[in-house]
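Here are my notes on the model, for your review. Please read them beside the structure.

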Amino acid sequence: MMQRRTLLAGLAAGGALGLTACAGRAGGDPGRAKVLVVGGGYGGATVSKYIRLLSDYSIDVMMVEPNKAFVSCPISNLVIAGMRTMKDITTPYDGLSSKHGVRVVHDTVTRIDPAKKVALLASGGEVRYDKLVMSPGIDFMWDQTEGLKAAHEAGQILHAWKAGPETMALQKQLQDMRDGGVYAITIPEAPYRCPPGPYERASVVADYFKKHKPKSKVLILDGNQDVTSKGPLFKKAWKELYGDMVEYRPQHKAVAVDGKTRTVKFDVQDDVKADVLNVLPVMRAGAIAVNTGLANANGRWCHTNFLNFESTAAKDIHVLGDSIQVAQGMPKSGHMANSHAKVTAAAIVAELKGWEIDPHPMLTNVCMSYVDATHVIHVASVHEYQAPKKSFFTIGGSGGVSDVRSDLEGRYAEAWAANIWSDTLK
């Protein structure tokens, strides 16, 4: 038992990327503990795998995810810019079921009764659980930007902030745009999913324009006071690689759009019209988390006990990934969701086995951002749980940002993607 506790503590620290498991044992033993996982992204898929792994396959796990395959948001900007394909960022869920015995159900959870520990599925089924892990990602607060929902539904203004069909739709808009046109991306005030993501997207679109539409322009209309992540490195890349092609405008908070004219209105600044208008909506926790009453941070994000990521609003429901109210310095990123998942998995297994939870979990994070087809910059950090403050804090000197952009980091980024997809899904 002590060996198992040591393993749980070590894996919760955020490593174990290369761990190999025995063949998974599927099953539905009514006497065994049952965990229901809502969502199959970086958080949900990872926690499903690691609960099975860390329990020696003695805990049943059902993961409910409507999509037939995992599609990665990290690297999806390269698909928009024509540098990768959807196949490159898509991985089936087969490994979770065949290797680890996770029951993967392609459905949607429509309602949860925390008191009865019951979840209802869109197909009409009912699932009972001992523990529930909520990892639904983000949803959008359409009412914060007048006209945006209608323009989005009409296909006039896209966000492509959930990788999938909309990724390809935005790529087509860029391909169809005239040379000499304007692509404008608006960024909401933080917090939002993937802090450096919008700036990476602007960069790789500029690279596409430089090669295929050299008379065109990229406008970055940021609702924040400055670039929220890796600012000096992004600005240096824009100046040196693209010159006047890229223009950055801070303090541009979008409040309304006109889909027919592709115009965006701001709270103070003048309207902007673009040939391709890419508006990122204000974001919040996934709808099922909000509807379950877990979004107790201004009705937008979910407060959790960071020791085990249990919701502060409902017992035995754990929330992780982009939906939570993050700790200081903790980004909403795919890598961070993967780290949340390992701490959560270790804690859930310990609780269900009657073991002590690791009192000092740690998290790791790396965000790799392309500034053109081959050059990448990164930010990395390590976060430790401090019991007296009941929160995670960044360890000083544990990470930091790149010195310069480089093609070597581009190779690191490719390796990072391959490794985390394997760790999450295989």
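1. Helices here are DSSP runs of H or I, at least four residues, and strands are runs of E, at least two, numbered from the N terminus. α10 covers residues 334–353 and reaches 29 Å from first to last C-alpha. Just after α10, Gly-354 has a positive phi of about 80°.

2. This is a predicted model: local features need pLDDT of at least 70, side-chain atom pairs 80 or more, while totals for chains, interfaces and linings use all residues. Numbering starts from 1 along each chain as its sequence is written, and side-chain values use heavy atoms, without hydrogens and water.

3. The count is 19 salt bridges (a Lys or Arg side-chain nitrogen within 4 Å of an Asp or Glu carboxyl oxygen). In one of them, Asp-316 pairs with Lys-131 at 3.0 Å. Asp-316 lies in the loop between β20 and β21 and Lys-131 in strand β9, so the pair ties together parts 185 residues apart in sequence. Both residues are buried. A salt-bridge network links Lys-117, Lys-131, Asp-316 and Glu-351.

4. Glu-189 and Lys-253 also form a salt bridge, 3.7 Å from N to O. These two residues are 64 apart in the chain, each in a loop. Glu-189 is partly exposed, at 41% relative accessibility.

Notes. Expected span 1.5 Å × (residues − 1). Buried < 20%, exposed > 50% of the residue type's maximum accessible area, 1.4 Å probe, protein only.
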